[in-house]
Amino acid sequence: MVENYNSMDLAAFKNVWVFCEQRQGKMMPTTFELISEGRKLADELGVNLCGLLLGDNVEGIAKELGGYGADEVIVCEHPLLKNYTTDAYAKVICDVISEMKPEAFLIGATNIGRDLGPRCAARLHTGLCADCTHLDVDMPIYKDFLRSASTLPEEKIEKMNTAKVMGQDHDVSRDLKMTRPAFGGNLMATIICPRFRPAMATVRPGVMKKAPFDQAKADAVKITKPSFTLSEADMDTEVVEVVKAAKKLVDLIGADYIVSVGRGISKDVEGGIKLAEELADVLGGVVGGSRVAIDSGWLTADHQVGQTGKTVHPKVYIALGISGSIQHKAGMSESECIIAVNKNETAPIFEIADYGICGDLFKVTPMLIEAFKAAKAAK
Ligand code: FAD
């Protein structure tokens with residue numbers, strides 16, 4: 001870290017940065033979502049958007065980030081950065097940040113991001129808001145978000161230009177407003193980091209939308225390679241081998257069609273899952289589940305949709321025997337089309353469903369399978 005680095009010298013910090021997570025030389029999809037979101041924030045602040053890419057021989061994948069909105073990609077290459085280790089990555093990131101001083105730094109809330117973010121924030125002596133689902137800078141845009149997504153009265157929203165910080169009125173217009181679920185998802189909290197920079201956020205994968213790719217912008221992106229030092233003496237860990245999980249995990253975030261099951265299948269779990277798989281197969285989709293389906297051991301954890309599972313926005317989301325708790329809705333309410341099958345006509349899932357079928361899923365699902373098969377055959 002740079003000597004005399006002062007995270008409270010707010011005026012010294014500029015630009016929005018995104019940690020561009022790659023594994024084995026392949027960019028993680030969440031990186032593109034964060035670059036797209038970072039572009040929006042950088043435009044609101046009137047500054048540049050930089051991707052920060054660490055690895056070994058990774059410059060070749062840097063340009064693509066420009067296509068999603070990065071003005072510049074800062075590439076740090078070193079053989080010791082080939083595989084992720086907390087020590088090496090945190091050291092290089094903190095060295096580069098203390099030298100170049102971005103005002104906001106976004107990291108995907110992946111397993112790596114959740115490990116890396118807090119370590120860097122503590123070392124840089126700044127604040128981090130974990131697991132964000134919404135980000136803003138511009139006050140009018142933030143206020144419009146509050147009007148559409150909160151129950152706050154207009155007088156309160158109008159007065160939100162300042163916040164009390166250490167007993168003083170602080171102008172929040174340039175602060176990153178980081179919104180995340182709190183208290184078990186029963187309310188949303190917006191958090192600012194008014195006294196320190198960079199303002200750091202980890203962001204849930206799948207929440208932010210990826211911008212369309214622009215080849216001309218990819219070609220034009222600036223690549224910067226700052227100098228840094230890294231040696232084995234900086235590291236307490238050594239990666240001996242990378243072993244991939246033997247079982248392929250379900251790709252909920254990338255799926256266009258998801259058929260999810262909940263407690264409603266409990267009277268015949270095997271039969272219920274079989275029906276969901278058959279329906280998903282007909283649609284070319286995958287099976288997901290509510291937390292009950294995961295906690296009961298009916299499906300593995302990678303299938304969970306919701307606040308503590310995955311956030312998805314497929315073309316079609318079919319909920320079979322899922323009540324529609326606030327925590328489940330938090331992960332799927334942005335699906336393009338929601339079809340709910342539930343035998344209770346007052347189930348909250350029907351409030352957000354585009355098509356609601358009130359009935360027993362064991363009777364309705366075979367009919368849906370036949371109907372989709374027939375529609376496909378007719379095409
Ligand atoms: P239930 O709420 O029990 O609903 C079952 C539904 O099935 C009912 O509506 C019933 O009418 C219907 N049904 C029953 N039989 C049939 C039938 N034969 N045919 C048709 N319909 C039928 N939950 C998540 O899903 N994802 C999360 O990420 C998540 N995170 C959480 C985080 C926290 C901090 C907390 C506190 C909770 C979280 N939960 C999460 C749990 C959540 O609160 C609910 O308990 C859960 O979503 C309920 O799952 P369900 O809809 O499958 O079950």
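**Exercise 1.** How much space lies in the largest cavity?

*Solution.* The model is predicted: local features need pLDDT of at least 70, side-chain atom pairs count only at pLDDT 80 or more, and totals for chains, interfaces and linings use all residues. Residues are numbered from 1 along each chain as its sequence is written, and side-chain values use heavy atoms, without hydrogens and water.

- Take a cavity as a set of points on a 1 Å grid over the protein atoms alone, where a 1.4 Å probe fits but cannot get out.
- The count is one cavity of 30 Å³ or more.
- The largest cavity holds about 50 Å³.
- Its lining residues (an atom within 4 Å of a point) are Leu45, Glu103, Ala104, Val137, Arg174, Asp175, Leu176, Arg197 and Ala199.
- By class, five are nonpolar, none polar and four charged.

**Exercise 2.** Find the peptide bond that joins Arg197 and Pro198, and state its geometry.

*Solution.*

- Arg197 is one of the residues that line the largest cavity.
- The bond from Arg197 to Pro198 is cis, with omega about -5°.
- Pro198 sits in the loop between β12 (187–191) and β13 (199–203).
- Most peptide bonds are trans.

**Exercise 3.** Describe how α2 and α3 pack.

*Solution.*

- Helix α2 covers residues 86–100 and helix α3 residues 111–123.
- Their angle is about 45°, and their axes are 10 Å apart.
- The two helices are therefore oblique to each other; angles under 35 degrees count as roughly parallel, over 145 as roughly antiparallel, 65 to 115 as roughly perpendicular and the rest as oblique.
- In contact (heavy atoms within 4.5 Å), α2 residues including Tyr89 and Ile93 meet α3 residues including Leu116 and Arg119.
- The contact residues divide into six nonpolar, one polar and five charged.

Note on methods:
Axes fitted to C-alpha atoms, helices over the stretch in contact; angles between N-to-C directions. Helix = DSSP H or I, 4+ residues; strand = E, 2+ residues; numbered from the N terminus. Nonpolar A, V, L, I, M, F, W, Y, C, P; charged D, E, K, R; others polar. 1 Å grid on protein atoms, 1.4 Å probe; cavity = no way out; pocket = protein on both sides within 12 Å on 5 of 7 lines; lining within 4 Å. Points joined across faces, edges and corners; volume = space filled by probe spheres on them.
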